[in-house]
Amino acid sequence: MAFGTRLKGLGALVGLVLAATAAQPPAALDGAGGAALAQQAPGSVLRIRIGSDVTSFDPHRPSTIENTSFSVHVYDGLFGYNLRTMTIEPRLVREYSVSEDGLTYTFHLREGVQFHRNFGELTAEDVKFSYERVLNPATASPWRADLRAIASITTEGKYTVVIRLSAPNANFLHALTSRNQALILSKRAIEQMGNDWALNPVGTGAYMFEAWRPGERVVLRANPNYFRGRSPIDRVELMLIPEETSAEIALLNREIDVFFALQSPEIIQRLQARSGVTVDSRPALISCHLVLNNTVRPLNDVRVRRAMAHAVNRESLVRDFFRGTKVLTATPLTPEYQEYTTEVPQYPYDPARARALLAEAGLAGGFDFHYVTVALAPYDQFPVAVAEDLKAVGIRVRLTVMERAAYGAARAAGTIPSATTCPSNSPNPDTLLRALVHSDGFPPGVNTARYNGADELLNAAQRERDPAKRVDLYRQAQRQIMTDVPLIPLYADRLFTARHNGVEGVLTSAAFWVESYGATVRR
Amino acid sequence: MLRYAASRLILVIPTVLGMVTIAFFTLRALPGDPAIAILGEFATEQALQDLRVALGLDQPLWVQFGRFVRGLVAGDLGRSAITRQPAMREVMSVLPPSLMLAGCSVLIAILAGLPIGMVSALRQGSWVDYLLMVVTISGISFPVFWIGLIMIVLFAHTIKLFPAVGAGSPGDLLSQAHAMVLPAIVLAAGGTAYIARLTRSAMLEILRQDYMLVAKAMGIRERRILWYGLRNALPPILGVIGVTFAVAIGNAILVEVVFSRPGLGSLIIKATFSRDYQLLQAGLLVLSISVVLVNLVLDLLYPLVDPRVRR
């Protein structure tokens, strides 16, 4: 990724060469494609570009968008997200019930679901084993907190799992859905293979693991016994291509079929102008913020934070810097969440108002502000534009770009006065808000602001079982947050995926992963 | 000769040990917590602490170093903190493509650099000399990733001669060689330039020597004179080949990124970003051993081209 920055200038030059051979009709921006199972010639291969290598086949271990893209091909959860609507739908569960007090969940599993490579039928024991594995400190799973609401897990017969919670949690089903801690592993496979399991993952998913060539690709083969029906495509290859210009050419040459997680605005525009290529885009659940440490002077004064919010020209950032590939957001959530609201205090670009607020706070002469960000494109680029806006109202900005791991450690130590934080989120709004603006997320978490003004509302929302009331509580929380402005929401991300026109049905998640179940490819 | 070889061989051990010791302490002096780099900042403090214990990072530095040295002697460099695979196995899986790439690029650099340097020296001051020197200066001046992308656009996109990405199909040597052509040429650009320029200056110096003039006056054929000249110019060129190999391995990181090839360079970068100490140590150990070994082979070749060393 770091190289991406250095290659930007060159990208423009290469772009000239590529644009010279580009056809004119623009491709339409549309949704994520269809998912109906279609017919496909035998021996078909779908090659999907990923930007970083898969680092682990164990979904309970640290995850990247590439690891998640691998996991959702190979494993299933009790529930899955419908990737068009990001709503929860049953997968390994046939039916379930929740007790009156909201503390007991009973899940009846589908019968006859088989693990890959003859590791037998999925049973309640596998589900219990998987969740307990996440909760076991020895696993050191970063997703342990997602299941911490669980007080006990018991099985009743072969196909029934009963989970008791320590307190009602209206968001609990999100924790059992689609990815990471939610995915079910084969108890027998792990016990039999021990350490070797890590390189021979076994799930119930639509694809079986076939080979991993580190630094190059992961090869998956269609699971003939998949309980939702065999995938039309025989083989999926997740191909590592870090450099976007190389991936662009590989797509045009049809060395790859799908260019997943495309970031560069220049390449997006070039590919949109190509015939034979379609660029799909969808709103993502990633939002990006300038987080201000509310405990240091003068950032502890809400007038100063509001002044900074008014000083930043976010419309220009999205329109000019990102060339319209991002969207504006009024709160820490993105417009994609149903809990999102624009009925919050707004801070339109208004340098005069910013100066007035600073004067009101006794800072008419400006103040010194240390802006900290990470050496990772584009987070080491757009802060320059933001810093210029802040300088224009008299704030003297010192911009520090830190190496990735050093930045992570400094932010976790909570010693920095500001941070650029762009968390990749689950469709559960609680995960994001709790991490970013709840006291649960105080350093070593990512609440660099050390803001706790919405704790009560967020706790109440988590307990509330009435969906309408819960949504209202989250909206109240957003109003409170944007009144206090512990952070400045800069933009919400969009996920871009390019494919040649022979590919249909590849789906991407708003939480940044790619699924190919049901997809077809024609060369 | 044997004594010379033995003295060079013995030097390899302290050199490698020194390098891995420096690497061990330098890595730990870097800011950044491996547990946070690996688990991410959303991880709970409990999960972070559990991982620190699991990786032995809660132990004093000298205990960690003791474990590292013990492992080194036993040939066990631990497991990658991220993939949980034996670190050495991961490194060895990417070593062949790295060595192949570096080896091929050095070979191309020699095969292209020597004749370019010789022709330039023989035609000193002519347009051929100027042209070749401008071309070689470009090889040094332009960044490897820039040349790489231009080559991809030209030879993989415009003229579809080679694949743009990947290292070929496993088990299919032909496709691997096909996929190797562009990256090897790109990686060779800098080395070719260095060798060409060095050959040129070494040849110019030798061609001016009295014994060369005498040889010419005696009517010895130019081809034969050139051969004598080249033999005498070889010792400094051999030295630069060793450096070229080390630079090729280093620059390979960029070539690997542009051409999406697996390799030691990318692995070391990946391990650095995630503070995966075990993987990083194994990678640096293998990298230093390969550079030292190549230089050792070149050291052993010196006596063959320079009789003074034999004595």
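**Figure 1. The disulfide of the predicted model.** Over all chains of this predicted model, the structure holds one disulfide. The bond joins Cys288(A) to Cys422(A), with an S to S distance of 1.8 Å. Cys288(A) lies in strand β12 of chain A and Cys422(A) in the loop between β15 and α14 (429-437) of chain A, so the bond ties together parts that are 134 residues apart in sequence. Both Cys288(A) and Cys422(A) are buried.

**Figure 2. The pairing of strands β12 and β15 in chain A.** Strand β12 of chain A spans residues 277-292 and is joined to β15(A) by four bridges. The two strands run antiparallel. One of the bridge pairs is formed by Leu292(A) and Ser418(A), the latter in β15(A).

**Figure 3. The eight-stranded sheet of chain A.** The sheet is open, and its strands follow the order β8-β9-β10-β1-β11-β16-β12-β15 in chain A. Pairing within this sheet is mixed. At the edges stand β8 (207-213) and β15 (418-421) of chain A, each of which pairs on one side only. From one strand to the next, the twist averages 20 degrees.

**Figure 4. The largest cavity.** Rolling a probe the size of a water molecule over the atoms shows where empty space is left. Seven cavities of 30 Å³ or more are counted in the model. The largest cavity holds about 150 Å³ of space. Its lining consists of 16 residues, and those nearest the centre of the cavity are Val72(A), Tyr75(A), Asp76(A), Arg91(A) and Glu515(A). Sorted by class, the lining of the largest cavity comprises eight nonpolar, four polar and four charged residues.

**Figure 5. The second largest cavity.** The volume of the second largest cavity is about 60 Å³. Residues that line this cavity include Ser105(B), Val106(B), Ala109(B), Val144(B), Leu187(B), Ala188(B), Gly190(B) and Gly191(B), as well as Thr244(B), Val247(B), Ala248(B) and Asn251(B). Two or more lining residues come from each of the helices α5 (87-122), α8 (173-207) and α10 (222-259) of chain B. By class, seven residues in the lining of the second largest cavity are nonpolar and five are polar, with no charged residues.

Methods. Residues numbered from 1 in each chain as written. Chains lettered and ligands numbered in written order. Predicted model: local features only at pLDDT ≥ 70, side-chain atom pairs only at ≥ 80, totals over all residues. Heavy atoms only, no water. Pairing = 2+ DSSP bridges. Axes fitted to C-alpha atoms, helices over the stretch in contact; angles between N-to-C directions. Disulfide = S-S within 2.5 Å. Buried < 20%, exposed > 50% of the residue type's maximum accessible area, 1.4 Å probe, protein only. 1 Å grid on protein atoms, 1.4 Å probe; cavity = no way out; pocket = protein on both sides within 12 Å on 5 of 7 lines; lining within 4 Å. Points joined across faces, edges and corners; volume = space filled by probe spheres on them. Nonpolar A, V, L, I, M, F, W, Y, C, P; charged D, E, K, R; others polar.
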